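Q: Please show me how the features of this structure are to be read, one at a time.

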Amino acid sequence: MKPLIPDDTTSQALGGATDRAREDQSLHDEILTRLRDYIVEGNIPDGGRVPERQLCEMLKISRTPLREALKVLASEGLVELLPNRGARVRPLSEQDLGELFDVMGGLEGLAGRLACENITDAEIAEIERLHYEMYGFYLHRDMHGYFRTNQLIHQKIVEASRNATLKSAYANFAGRIRRVRYSANFARKRERWGEAMREHEMILDALRRRAGDELSDILFKHLRNKRTAAVEHLKTDGMAASEPA
């Protein structure tokens, strides 16, 4: 009969396996984050093929973990997997952008209204901390830090809605326009950044007062303004691409 309590050897083996699993998961998360940032920040053009060999060398990994990460990004809508031909960055048309940003505006507006009903003081304090951290990145013109913190703020508001269905729908659409939201900051860069920061001041103020209807309207308009900047950037990119070298 097998002992009910594992001996020290068994415990050590189980502990070692657990540690390796954690290390593997940590490595997977790191690869996924670096690859996502690389694509979001525009290092591969819209519709461009993902250069697997180059990325493997850059990330110092083999093809297998890279392709696992690409599967996750495909589920987020950031890339498309091509049968037997690798992957490419998912291109979006002007109509795609309009539709996606309107849906995202509706989702964030609903999230804001529900968040004001359910959010805790501690969650508001965390969003406030992130807001001032983002402001610091804005002052230093640190696009990467600004965008990362900006996305965290929006994510925290969605989580505070306490609505799992809304959270799932938001995650599905957020991945598809993450790259465009990032690039939109380059359209009318100084003006748009200033506008976005003022809008975030209004978002934080409405959240502190738990003014649900007001926050919902602010978030929807915030996404509309982001859509305008994204379309402007898309047109600018299109004109630049059509000019002769």
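Q: In which helix is Arg224 found, and is Arg224 buried or exposed, or in between?
A: Arg224 is found in helix α9 (residues 212-242), where a helix is a DSSP run of H or I with at least four residues, numbered from the N terminus. Arg224 is partly exposed, with a relative accessible area of 33%; buried means under 20%, exposed over 50%, and partly exposed in between, with a 1.4 Å probe and protein chains only. The model is predicted, so local features need pLDDT of at least 70 and side-chain atom pairs pLDDT 80 or more, while totals for chains, interfaces and linings use all residues. Residues are numbered from 1 along each chain as its sequence is written, and side-chain values use heavy atoms, without hydrogens and water.

Q: What separates the C-alpha atoms of Arg224 and Gly105?
A: A distance of 7.0 Å separates them, although the two residues are 119 residues apart along the chain.

Q: How is the packing of α4 and α6 described?
A: Two packed helices are described by the angle between their axes and the distance between the axes. Here α4 (residues 94-118) and α6 (residues 143-159) pack at about 60°, with axes 8 Å apart; axes are lines fitted to C-alpha atoms over the stretch in contact, and angles run from 0 to 180 degrees between N-to-C directions. The contact (heavy atoms within 4.5 Å) is made by Glu108, Ala111, Gly112 and Ala115 of α4 with His154, Ile157 and Val158 of α6.

Q: How many disulfides does the structure hold?
A: A disulfide is a covalent bond between the sulfur atoms of two cysteines. The structure holds 0 disulfides, counted as pairs of cysteine sulfur atoms within 2.5 Å. Cys56 is buried, at 8% relative accessible area, and Cys116 is buried, at 8%.

Methods
Helix = DSSP H or I, 4+ residues; strand = E, 2+ residues; numbered from the N terminus.
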